[in-house]
Amino acid sequence: MTTPRIDIVHAGDLTTNDVGLWNDLRRATATANPFMSAQFTQAIGRVRRDAQVAVLRRSGQPVGYFPYQRGRWGHGRALGLGVSDCQGAVLPPDGAHLDAHHLMRACALNAWEFNHLESSQDLFLPYATGQFASPVVDLAQGFEAYETHLRSRSRNFLKSTRAQERRMTRHLGRLRYVHDERDPAVLRTLVGWKSSHYRRTGRRDPFDQPWIANLVHLLAGTDTPDCSGILSVLYAADRPVAAHFGLRSATVLSCWFPSYDRALATYSPGRILYLRMIEAAAATDIRLVDFGRGEAAYKNSFKTGDLVVHEGALRTTGPGAALHWLRHEPRRAAHRLVREQPVLRRAAVRGLEVVGSLRRR
């Protein structure tokens, strides 16, 4: 079969037919992650001028899509890299008989960097240099089956979370959970909590970048079957005590920005929120809750298993690709060394905590 023709369009210029085909292709995959939806790509296109889509055509008709961001010197990156938890191309089952280097040439790229590549992305997997667990909760059998799993695997965790619910009710008032809150004031409260957390722990606050702040508010108003922003909130006597903003498709809820009122940390409000959120997700036909790449004790307690995501870069040849290697690979290797050495990892965390404490002075 001939190589498809490739046209480049801005991510905000996808047609209605493109959106329909794109989402049809994604629904046919094992996990229809909302970060890979056409609507997420369109939203990125509204907040970033460098957001592009390679449209693959055969006999004049679109057959697949490759979203990306194009920077200086032909250096590309996965669309939304830094905030997207699922990356890759949207292709038919036969892969459209596409050659990765032909795709790079058509996009005028000499490198394409990714850090949350799906395991099903065979076109790019040969260029992965690391892989990471993305903890998930399998809800295919419903919440009762999941609760049974928790009792057998993390009985004390479930028991203590339920006890904290009762304790919070006694001390703060009746608890109320809203799965899909539409009050923008609560979203602002969550962003404030999350920003404080990033700064306190010495990390860069993504909400300082206008495009990320605008993207979150844009997606909060998105409500389609393949990508909807969903703000879940736990209230105690009408006071928000924990919240989470994520994205959902018809079957997958992707966790994104969770946080809680730090003054109430002794009640474990985040754990209570997640348990209620998972129960409500199951009741709305969600079959998979994806916590996203990254280690955290709460993820290990809630999860039923792991997906695998990959990081790396596809590079061509020439000075542009060499420059990309020099700018990125030494840093990536250093990060990998720190992750793989517990002593270095603990030292890095302590260093970030020092930075956070200096910020508060």
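User: Happy to dig in! Which residues in H2 do Val19, Trp22 and Asn23 in H1 meet?

Analyst: Good place to start, and keep in mind that this is a predicted model. On the H1 side, the contact is made by Val19, Trp22 and Asn23. By class, the contact of H1 with H2 has three nonpolar, four polar and no charged residues. The H2 residues they meet are Ala38, Gln39, Thr41 and Gln42.

User: Thanks! How are H1 and H2 oriented to each other?

Analyst: Helix H1 covers residues 16-27 and helix H2 residues 38-47, and their axes come within 9 Å. Those axes cross at roughly 130°. An angle over 145 degrees would count as roughly antiparallel, and 65 to 115 as roughly perpendicular. H1 and H2 are therefore oblique to each other.

User: Now for the strands: which residue in S9 is the bridge partner of serine 228?

Analyst: Strand S8 spans residues 228-236 and runs antiparallel to S9, with nine bridges joining them. The two strands form a hairpin with two residues between them, and alanine 237 in the turn has a positive phi of about 50°. Across this pairing, the partner of serine 228 is arginine 248.

User: And which residue in S10 does alanine 243 stand opposite?

Analyst: S9 also pairs with strand S10, residues 252-260, in the antiparallel sense over six bridges. Here the hairpin has three residues between its strands. The residue opposite alanine 243 is serine 259.

User: Last one: how many of the 10 residues of S9 are buried?

Analyst: Buried here means under 20% relative accessible area. Strand S9, residues 239-248, is mostly covered. Its count of buried residues is eight.

Terms used. Residues numbered from 1 in each chain as written. Predicted model: local features only at pLDDT ≥ 70, side-chain atom pairs only at ≥ 80, totals over all residues. Heavy atoms only, no water. Axes fitted to C-alpha atoms, helices over the stretch in contact; angles between N-to-C directions. Helix = DSSP H or I, 4+ residues; strand = E, 2+ residues; numbered from the N terminus. Parallel < 35°, antiparallel > 145°, perpendicular 65-115°, else oblique. Contact = heavy atoms within 4.5 Å. Nonpolar A, V, L, I, M, F, W, Y, C, P; charged D, E, K, R; others polar. Buried < 20%, exposed > 50% of the residue type's maximum accessible area, 1.4 Å probe, protein only. Pairing = 2+ DSSP bridges.
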